[in-house]
Amino acid sequence: MSALAEAVVDLGAIAGNVRTIASVVGTGLMAVVKADGFGHGAVPVARAALGAGAGWLGVTSAPEALALRAAGITAPTLSWLHRPDDDFGALIAAGVDIGVSTTTHLHAVVDAAYRLGLPAVVQLKADTGLSRNGAAGSDWPELVSWARKYEVEGGVRVRGVWSHLADADVPGSPRLAGQVAAFEEALRVARSAGLDPDLVHLANSAAALSAPRTRFDLCRIGLALYGVDPFGGTGPGEFGLRAAMTLRTTVVNVKRVPAGAGVSYGPEYVTAAPTTLALLPVGYADGVTRAAGGRAAVWLGGRRCPIVGRVAMDQCVADAGDLPVAIGDPVVVFGPGQGDGGQPTVAEWARWAGTNPHEILTGVGARVARDHLHEGTEMS
Ligand SMILES: *Cc1c(COP(=O)(O)O)cnc(C)c1O
């Protein structure tokens, strides 16, 4: 049985992107493999990234971290978003670093450490202006002083201090300097409380590639790892990244229609002239997002064919004009093209849908088969 669509993931591209980014930033790299590796498959992406020299893995949640361990991956791993009643004992036992943003979480982590008889390794997160997770400046002194107290008692080891940036993908952002200054102040407060973190980190992909003063000891790389330019091609440089995912399918029905034919629900689209319509068995449940309808195109028959009519849950229709398309013809929804009128890219889909490339990648549905190229060869 074959799936109606597949996401072909080139692990060679992932490995190449790690090397490319490492050569630009010159620090250690954390491969961010949250949300199943942005939809690419967390375990194979993690292996490829580690094989190419990434030293760390980053995930959002405890189940994601434990899934990496269950797959036999022992590399240093940080998990950063937790409920206070999460199973911190499981993370400590698995040797996963725990991102801690509140004293509520710190006390719970230390309780788990004492129950287990093993110190927890934590990385304290400061809020430097994003106003999401991380301790606010007013709460930071209390968090670091509790952490130091527990460190002296043996309940925790504070390995890292870190934060996250709000708009590093905006070239010349005026907020960035303020966040860096707030981060340096948070570090000063942590050190004056007696902490001596080995690992200080702030940058995501965009910051790592464009703002040297955000690099510190380690850069946390998400989007760029998957080969997508965080600046959408309009930023400070050509980084030589290669998109790892190709979303592809095949034509499952073809029909010649006259002018005036209504296409899909509504119909919101009526043909203006006789044309050939190709039915594609991918819809919004597969990641072909409904919001891109009316703007998006796919690669079919050696050119771009627009998606016409409303995108449905399971299918959509491409207008092939007078191209001689046939049932079974291959279709690329997006891939590693350069956005130059060739195969559409994730960045273009994001623009068509009015969202970011992260949402397009993580929206590729569970029933789309993942096919990993170069699996196991990335170590060489
Ligand atoms: C998702 C995430 C990243 C990766 O961000 P990119 O912009 O995709 O590189 C880095 N750090 C944290 C805390 C994240 O949540």
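Is phenylalanine 216 buried, exposed or partly exposed? Select phenylalanine 216: at 25% relative accessibility, this residue counts as partly exposed. The terms have cut-offs: buried is under 20% relative accessible area, exposed is over 50%, and partly exposed is in between, with a 1.4 Å probe and protein chains only.

Before moving on, note that this is a predicted model, in which local features need pLDDT of at least 70 and side-chain atom pairs count only at pLDDT 80 or more, while totals for chains, interfaces and linings use all residues. Residues are numbered from 1 along each chain as its sequence is written, and side-chain values use heavy atoms, with hydrogens and water left out.

**Backbone stops**

Stay on phenylalanine 216. Its phi is positive, about 45°, although this residue is not a glycine. Phenylalanine 216 sits in the loop between α9 and β9. Helices (H or I, at least four residues) and strands (E, at least two) are DSSP runs, numbered from the N terminus.

At 37% relative accessibility, alanine 35 counts as partly exposed.

Now select glycine 266 and proline 267. The peptide bond joining them is cis, with omega about -15°. Proline 267 is in the loop between β12 (262-263) and β13 (269-270).

Return to the loop between α9 (205-210) and β9 and pick threonine 214. Threonine 214 counts as buried, at 0% relative accessibility. A polar atom of its side chain lies 3.4 Å from the backbone oxygen of alanine 207. A polar contact is a pair of N or O atoms within 3.5 Å; within protein, one must be able to donate a hydrogen and the other to accept it, and residues adjacent in sequence count only if both atoms are side-chain atoms. Show the neighbours of threonine 214: leaving out residues up to four places away in sequence, it touches Leu165, Leu176, Val180, Leu202, Ala203, Ala207 and Ala208. Contact means heavy atoms within 4.5 Å.

**Cysteines**

Step to cysteine 219, in strand β9 (residues 218-221). Cysteine 219 is buried, with a relative accessible area of 0%. Beyond residues up to four places away in sequence, its contacts are Val25, Thr27, Gly28, Leu29, Met30, Ala203 and Ala208.

Cysteine 305 is in no disulfide: the nearest cysteine sulfur, that of cysteine 316, is 12 Å away. Cysteine 305 counts as buried, at 0% relative accessibility.

**Helix α3**

Select helix α3, residues 42-51. Its buried residues are Ala42, Pro44, Val45, Ala46, Ala48 and Ala49. What do they pack against? Display α1 (11-25), β2 (28-32), α2 (34-38), β3 (56-59), α4 (62-70) and β19 (369-373). Glycine 53 follows α3, with a positive phi near 115°.

**Aromatic pairs**

There are six aromatic pairs. Rings of Phe, Tyr and Trp (its six-membered ring) pair if their centres lie within 6.5 Å; planes under 30 degrees apart count as stacked, over 60 as edge-to-face and the rest as tilted.

Select phenylalanine 231 and phenylalanine 239. This pair is tilted, 6.2 Å centre to centre with 40° between the planes. Both residues are buried.

Then take tryptophan 349 and tryptophan 352. Their ring centres are 5.5 Å apart and their planes are at 75°, so the pair is edge-to-face. Both lie in helix α10 (residues 346-353), three residues apart, and are thus separated by about one helical turn. Tryptophan 349 is buried at 1% relative accessibility; tryptophan 352 is buried at 14%.

**The ligand**

Finish at the ligand. It is surrounded by 13 residues, the closest being Lys34, Ser205, Arg220, Gly222 and Leu223; a residue is near if one of its heavy atoms lies within 4 Å.

Show the ligand oxygens:

- A backbone N or O atom of leucine 223 lies 2.8 Å from one oxygen atom of the ligand.
- A polar side-chain atom of histidine 358 is 3.1 Å from a ligand oxygen.
- A side-chain N or O atom of asparagine 204 is 3.2 Å from a ligand oxygen.

The ligand on its own has 390 Å² of accessible area, and the protein covers 91% of that. Accessible areas come from the Shrake-Rupley method with a 1.4 Å probe; for residues, only the protein chains shown count as cover.

Terms used: Disulfide = S-S within 2.5 Å.
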